[in-house]
Amino acid sequence: MTIKKLALAILLGSIGCNAQAADEFVVDDIQIKGLQRVALGAALTHIPIRVGDELTDFRISQSIKSLYASGHFHNIKVFRDGNKIVFRVKERETISDITFEGNDDIKDEQLQESLDGSNIRIGETLDRSVLTGIESGLEDFYHSVGKYNATVSTKITHLPRNRINLTFDFDEGDAAAIEQINIVGNELFSDAQLLDKIELTYDSPWWDFMAQDRYQKQTLQGDMETIESYYLDRGYLRFAVDSTQVSMTPDKEGVYITLNVTEGETYKVSEVEFIGDMAGYEGTIKAITPIQNDELYNGAEVTYTEDLISKFLGRFGYAYPKVQTIPEINDEDKTVKLIIKVDPGKRVYVNRLNFNGNDVTSEEVLRREMRQMEGAWLSNNWLEASKMRVQRLPYFESVEFETTQLPGEEDLVDVDFTVKEQPSGSFTAGVGYGSYSGLSLNAGIQQNNFLGTGNRLAFQINTMKYSQSANLSYTNPYFTIDAISLGGNVFYSEFDAGKANLENYNNTTYGVGINMGFPINEYVRLNLGVGYKNSDISNLQTYEQIKQFYEVFKDPDNPDKKLNFETYDLNATLSRVTLNRGTFPTAGSSQVISGKVTAPEISDVQYFKVKYDSKYYFPISRDHSWTFLARFEAGYGNGYGDVRGNDQLLPFWENYRAGGSGTLRGFENNTVGPRAIYRRPDVSPGVPGDGGEVSPPDQDAVEVSERSVGGNAMMLGGIELIVPTPFLDESYSNSVRTSFFVDAGNVWDTEFSLSDYEAINPIEFQEIDDYSDPMRIRVSTGLSIQWLSPMGPMVFNFAKRLESEEGDDTEFFSFNIGKTF
């Protein structure tokens with residue numbers, strides 16, 4: 001016998017009314033039928049009826065409500081069988097799978113996050129009542145971005161064992177195009193002036209792919225704020241957007257936008273008054289406030305002032321200050337009194353610094369870079385300095401921090417630093433091609449964060465067409481707790497200059513060095529070192545530029561004998577670095593001046609070299625995706641003292657060279673600079689057995705080699721425009737960099753005079769002079785793409801020279817893996 005029909009039972013339970021009473025009876029037994037997943041015991045706990053209870057309409061209604069509230073059932077019926085009560089239920093289905101079809105504007109991950117908020121996920125039971133709300137909410141989202149024809153529907157596919165698959169089917173359609181934007185009420189500024197300030201536009205030319213000519217509600221809201229700010233920044237304190245009308249075409253594919261505005265008149269600042277507690281810094285706060293009396297009201301300046309005061313107080317531990325500007329407007333004389341209310345709040349102290357994301361790097365490496373200390377008051381300056389120091393380490397891609405207030409503690413916070421590591425070791429390889437060298441290859445390996453300690457261990461082996469080298473180096477940047485560094489290296493190399501686009505000679509070198517670094521301040525560091533080097537020079541062709549040097553050191557009895565040189569040098573480097581990141585910086589600068597000098601008496605050759613290298617990054621866009629880079633590098637070297645009455649010169653193997661990926665892109669390695677000059681006497685044919693007649697020196701033959709010899713002076717520079725990498729997700733912006741560049745510079749020999757050759761052969765002298773003119777600058781331009789791979793840094797360059805000469809290629813292509821940027 002049915003006690004209640006389902007509909008009536010639900011109605012009675014929901015409105016709580018008395019109805020015609022059913023026959024009351026004492027319950028002998030309770031049964032629940034239809035259970036599959038839910039245990040009987042669990043279901044009974046939701047029924048407020050027990051055997052022996054007297055059953056009434058109210059208690060039946062209460063039981064139905066309680067079972068529905070459990071969230072396990074979507075259909076419940078109640079029956080009476082004698083004095084037995086029977087609940088016949090249908091459980092909610094379990095979601096087996098969720099799929100999305102047709103969604104281009106919203107990613108699957110975003111949709112799933114939205115469903116998670118409504119407890120719609122795989123493995124959970126389905127509450128059908130929320131599906132309609134989800135569909136409606138998604139359609140509202142599409143409407144807000146101008147897609148008024150978009151629809152969202154849900155398909156339910158039933159599976160065995162009370163399971164279902166959910167499929168959300170999207171028909172997004174196209175966003176409504178903006179047919180026209182009208183501004184009504186503006187007299188001071190024209191429509192064109194105002195429309196030029198906002199994102200939304202209409203009637204854009206076909207080639208302007210960046211035009212925002214599709215309606216979006218959020219963008220319109222932002223544009224209205226932009227127009228309001230434009231007026232407020234010019235003193236129109238009473239400006240207001242009175243109303244906004246967005247009308248749609250019948251086909252829902254176009255919209256017309258009308259903004260009704262009231263401009264008002266300009267207002268001047270009559271007075272600036274400070275009230276509240278300024279934590280003892282009242283004089284400083286007033287001094288740094290940029291707002292002045294009798295100036296036009298400027299909304300941006302007011303916002304800037306509030307932010308400036310907040311940041312200033314944040315330096316001294318007042319992490320959550322409240323700065324509010326209250327305008328008192330006088331409409332009669334069109335002035336406004338600005339009352340700046342300051343409430344610094346409590347001074348906040350740091351309880352603990354926490355670090356996340358450093359899976360390889362030890363926490364000690366991060367802690368030693370911290371300028372914000374635990375137990376000290378929270379300072380935004382110290383936090384930013386700490387972040388910057390960690391970002392400058394070459395093995396971190398990004399660093400972020402956030403403060404978390406401790407529960408129940410108004411003046412204590414934890415600071416959580418989250419880092420993203422990047423490959424610290426690199427396998428170095430390279431491929432290059434040029435007209436002289438042909439195909440060149442190189443390879444190497446190094447580790448900048450050895451075992452996560454922050455120490456640099458490099459066992460670097462490089463082999464390429466013209467060079468083989470091995471270098472074992474180790475540097476501990478925190479040899480002492482005061483950040484005094486200690487490092488050393490042992491190296492060996494074999495260099496074939498002829499295969500490196502230089503005039504022929506072979507140089508076998510080995511040596512050892514040690515250095516210590518001392519921090520001067522937060523940005524400046526001094527490094528001092530000593531070194532020993534042994535060089536064997538063989539297969540040397542004595543061209544004119546090195547004859548003076550060669551004549552001093554050659555063995556008169558055996559001119560082909562190797563030349564051996566031992567040198568002991570002292571070196572120093574002073575650097576100032578304010579870059580915001582160690583890899584791919586976008587702001588700041590670095591300046592490095594370095595020099596070395598060989599020790600007199602104990603060194604076979606006496607010389608010095610100095611070099612200056614600087615880089616300046618100027619962010620163009622607020623997010624630093626567009627950045628301008630200016631580079632400059634200069635070097636000079638020479639000998640000092642004399643040997644056997646001859647002035648010492650810079651050894652030719654220490655010459656500066658240019659050309660290639662690290663210097664002048666677009667020119668092959670070592671091809672920029674003076675060419676080798678050969679002067680040979682002109683010998684006329686003689687009788688057999690006779691050497692012939694040697695002509696006078698002024699009739700010597702002069703030849704210019706195609707190969708460079710380098711020089712003792714060098715100047716290089718360039719500019720780069722760093723741009724967002726096309727077709728690449730923003731999440732890779734810190735690991736991939738694209739730029740357009742112009743490189744310029746040259747190498748000179750300031751100790752070699754060409755004037756003696758002009759009288760010998762004016763025609764060939766002119767050719768020589770072309771390659772050695774100090775005023776001549778070599779220029780190239782091109783595209784560079786750099787990225788950080790699991791093997792280490794990689795770079796792709798395509799460059800073209802801006803000059804063409806006989807015998808030179810006008811284009812040069814290089815692809816390098818593991819190149820230091």
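Leu366 is found in helix H10, which spans residues 363-367; helices (H or I, at least four residues) and strands (E, at least two) are DSSP runs numbered from the N terminus. With a relative accessible area of 0%, Leu366 is buried, where buried means under 20% relative accessible area, exposed means over 50%, and partly exposed lies in between (1.4 Å probe, protein chains only). Leu366 and Arg389 are separated by 23 residues in sequence and by 9.2 Å in space, C-alpha to C-alpha. The model is a predicted one, in which local features need pLDDT of at least 70 and side-chain atom pairs count only at pLDDT 80 or more, while totals for chains, interfaces and linings use all residues. Residues are numbered from 1 along each chain as its sequence is written, and side-chain values use heavy atoms, with hydrogens and water left out.

Asp169 counts as partly exposed at 25% relative accessibility, and Lys155 is partly exposed with a relative accessible area of 45%.

A salt bridge also connects Arg389 with Glu522, where the closest N and O atoms are 3.1 Å apart. This pair links distant parts of the chain: Arg389 sits in helix H11 (residues 380-391) and Glu522 in the loop between strand S23 (506-519) and strand S24 (524-538), 133 residues apart. Arg389 counts as buried at 15% relative accessibility, whereas Glu522 is partly exposed at 28%. The side chains of Lys554 and Glu551 meet in another salt bridge, at 3.1 Å from N to O. Here Lys554 is partly exposed with a relative accessible area of 25%, and Glu551 is partly exposed with 46%. Beyond these pairs, a network of salt bridges links Arg352, Glu363, Arg367 and Glu374.

Aromatic contacts come next. A pair of aromatic rings is described by the distance of the centres and the angle of the planes. Rings of Phe, Tyr and Trp (its six-membered ring) pair if their centres lie within 6.5 Å, and planes under 30 degrees apart count as stacked, over 60 as edge-to-face and the rest as tilted. The structure holds 32 aromatic pairs. In one of them, the rings of Phe495 and Tyr505 have centres 6.1 Å apart and planes at 55 degrees, so the pair is tilted. This pair links distant parts of the chain, with Phe495 in strand S22 (residues 485-496) and Tyr505 in the loop between S22 and S23, 10 residues apart. Both Phe495 and Tyr505 are buried. For Tyr616 and Phe618, the ring centres are 6.5 Å apart and the planes stand at 10 degrees, so the pair is stacked. Tyr616 is partly exposed with a relative accessible area of 32%, and Phe618 counts as partly exposed at 44% relative accessibility. Ring pairs also build a cluster from Tyr466, Phe495, Tyr505, Phe549, Phe553, Phe565, Phe652 and Trp653.

Charged surface patches complete the picture. Patches are made of residues with over 30% relative accessible area and no salt bridge, like charges being joined within 9 Å and nonpolar side chains (Val, Leu, Ile, Met, Phe, Trp, Tyr) within 5 Å. Accessible areas come from the Shrake-Rupley method with a 1.4 Å probe, and for residues only the protein chains shown count as cover. Lys and Arg count as positive and Asp and Glu as negative, with His and the chain ends not counted; each charge is placed at NZ of Lys, CZ of Arg, CG of Asp or CD of Glu.

A negative surface patch is formed by Asp174, Glu179, Asp251 and Glu253. Asp174 is found in the loop between S8 and strand S9 (177-184) and is exposed, with a relative accessible area of 63%. Asp174 and Gly146 lie 28 residues apart in sequence and 8.1 Å apart in space, C-alpha to C-alpha. Glu253 lies in the loop between strand S10 (240-248) and strand S11 (254-262), and counts as exposed at 51% relative accessibility. A positive surface patch is formed by Lys33, Lys77, Arg88 and Lys90. Of these residues, Lys77 lies in strand S4 (residues 73-81) and counts as partly exposed at 41% relative accessibility.

Notes: A salt bridge is a side-chain nitrogen of Lys or Arg within 4 Å of a carboxyl oxygen of Asp or Glu.
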